Amino acid sequence: MLLKLANSKKILFFGGKGGVGKTTVSAATAAACADSGAKVLLVSTDPAHNLGHLFDRNIGGTPTRISAGLDALELDPQETVNVHLKEISSSLHKLMPTNLYSEVDKHIALAKDAPGMHEAAILERMADVVEDGLRDYDKIIFDTAPSGHTARLMVLPEVMSAWTEGLIKRREKADRFAEFVRELGEDTSMQDKTIGNADDSEQERESQIRQILLRRRHKFTHLRERIADSDMTSFVIVLAAERLPVLETIELHQQLKQASISVDCLVVNKRAPTDSGEFLKERQEQEEIHLATLAKTLTSLPRQDIFLRPHDIVGLAAVESMAGQLT
Amino acid sequence: MTQKEKESLLKRIEKGLHEYYVAPYRRSFARAQRDEDDLFMLLVFAENMGVPNPAAYYTLELLPLVYDRFHEWHKRMGMERSPLDHIGCC
């Protein structure tokens, strides 16, 4: 079920409540796809990265080879923010007299912890990974942060492209006015215009602003198109058969639907086995009650169950053995 | 008056008339453009002015392109001193 879905899509997202096993399930799916011959990139967008813990090795901000056909990557928002701000501050330095450098740096330092910074940085890296990744890999699998965070991340491309779109429209309007002014000859009555005079350096500046905005818009629309394309992308919600994860799954499904992202599979992780004693059998009966609630709301969604195991899943071998359980 | 002088006089009158009709339009377009530019500045500096800006991360990269006009802008907006503590332009 899950494997069939994974094999038919290019981009897969795994999301759900914290602690249900998103990382393990997404890694197992990635391992299974790699095993069947695909080149897979496994990407963690959760700032509290777990891929390294799962594979028991260091995985950083650049793709790291896990096995033949499987690379893993942990997006690092802090690092992305730092690089981004450093670029801005160095281009500001070029414009400023030396005695104002410290003012510029103060401004930039304040921006570092501004709300939304990390979110935007993760979005930026996600857009890059989707755009570049599909050139080098057959499949990209995202292991995302817990539900709320991810639901927000999925609507962000839309919000951001609307925002850049607005800015571009404003620039176009200003440009049109500037064009009129140029056609009507020189105007000396307004020397103190903010941006845009007829001279070359102003036109150069204007075209740079426009280029930056257009590049942004391209990134967001590209990402949004890929995410919303249900032939290419699918979202898998991972949950445990307990009350809270079930309720959160229903909610997440609703939020994703609003963002027109197609959810095509539910993975119920850590199911209690029926053949391992009275206690677990009773637990299994309780789980069925919760799953019935789930089935009532999300009627047509296929479900993949994964059974609880006596030992932790750590390292490639354990992940691969779990991958064997997937159908 | 020679032929040449006549021509240049006509040219000058033509230029003057052209200017007479065109200048008001040009001025209003220039003003409209300046208003757009001022609004754009406001959007770029929104976060710093306490207006939440969902795209602060992205407007920051426009900063180098508009920074040197910041002083003129805040003066025109009626703020005698720089409204941002950390931009000490004046």
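Analyst: In helix H11 (residues 316-323) of chain A, the buried residues are A:Val319, A:Met322 and A:Ala323. Here a residue is buried if 20 or more other C-beta atoms lie within 10 Å of its own, exposed if 12 or fewer, and partly exposed in between, with C-beta atoms placed from the backbone. Viewed down the axis of H11(A), the buried residues fall within an arc of 105°, so they line one face of the helix. That arc is taken over the directions from the helix axis to the C-beta atoms. The buried residues of H11(A) pack against helix H2 (22-35) and helix H3 (51-55) of chain A. Two residues are in contact if their C-beta atoms, placed from the backbone, lie within 7 Å. Helices (H or I, at least four residues) and strands (E, at least two) are DSSP runs, numbered from the N terminus.

The model is predicted: local features need pLDDT of at least 70, side-chain atom pairs count only at pLDDT 80 or more, and totals for chains, interfaces and linings use all residues. Residues are numbered from 1 along each chain as its sequence is written, while chains are lettered from A and ligands numbered from 1 in the order in which they are written.

Next comes the sheet. In chain A, 8 strands form an open sheet of mixed pairing, in the order E3-E4-E2-E5-E1-E6-E7-E8. Two strands pair if DSSP finds at least two bridges between them. Strands of a sheet pair through backbone hydrogen bonds, either parallel or antiparallel. At the edges are strand E3 (64-67) and strand E8 (303-307) of chain A, each of which pairs on one side only. From one strand to the next, the twist averages 25°.

Strand E1 (residues 11-16) of chain A is mostly covered, with 6 of its 6 residues buried. On one side of E1(A) lie A:Ile11, A:Phe13 and A:Gly15, and on the other A:Leu12, A:Phe14 and A:Gly16; all are buried, and both faces are covered. E1(A) pairs in the parallel sense with strand E5 (residues 139-143) of chain A over 4 bridges, and A:Ile11 stands opposite A:Ile140 in E5(A). E1(A) also runs parallel to strand E6 (residues 233-240) of chain A, to which 6 bridges join it. There A:Gly16 has A:Val238 of E6(A) as its bridge partner.

E6(A) in turn pairs in the parallel sense with strand E7 (residues 263-271) of chain A over 6 bridges. The bridge partner of A:Ile237 in E7(A) is A:Leu266. Helix H9(A) packs on the sheet, touching E1, E6 and E7 of chain A, and its direction makes about 165° with that of E6(A). E7(A) is mostly covered, with 7 of its 9 residues buried.

H9(A) has a helix partner as well. The axes of helix H9 (residues 243-258) and helix H10 (residues 278-297) of chain A come within 9 Å and cross at roughly 10°. That makes H9(A) roughly parallel to H10(A). Angles under 35 degrees count as roughly parallel, over 145 as roughly antiparallel, 65 to 115 as roughly perpendicular and the rest as oblique. Axes are lines fitted to C-alpha atoms, for helices over the stretch in contact, and angles run from 0 to 180 degrees between N-to-C directions. H9(A) brings A:Arg243, A:Val246, A:Thr249 and A:Ile250 to the contact, and H10(A) brings A:His290, A:Thr293, A:Leu294 and A:Thr297. By class, this contact has 3 nonpolar, 4 polar and 1 charged residues. Ala, Val, Leu, Ile, Met, Phe, Trp, Tyr, Cys and Pro count as nonpolar, Asp, Glu, Lys and Arg as charged, and the others, Gly among them, as polar.

The axes of H6(A) and H7(A) come within 10 Å and cross at roughly 90°. These two helices are therefore roughly perpendicular to each other.

Last comes the second chain. In all, 41 residues of chain A are in contact with 39 residues of chain B. The elements that give two or more residues to this side of chain A are helix H4 (77-95), helix H5 (101-112), helix H6 (117-136), helix H7 (147-183) and helix H8 (200-228). H7(A) gives the most, with 12 residues.
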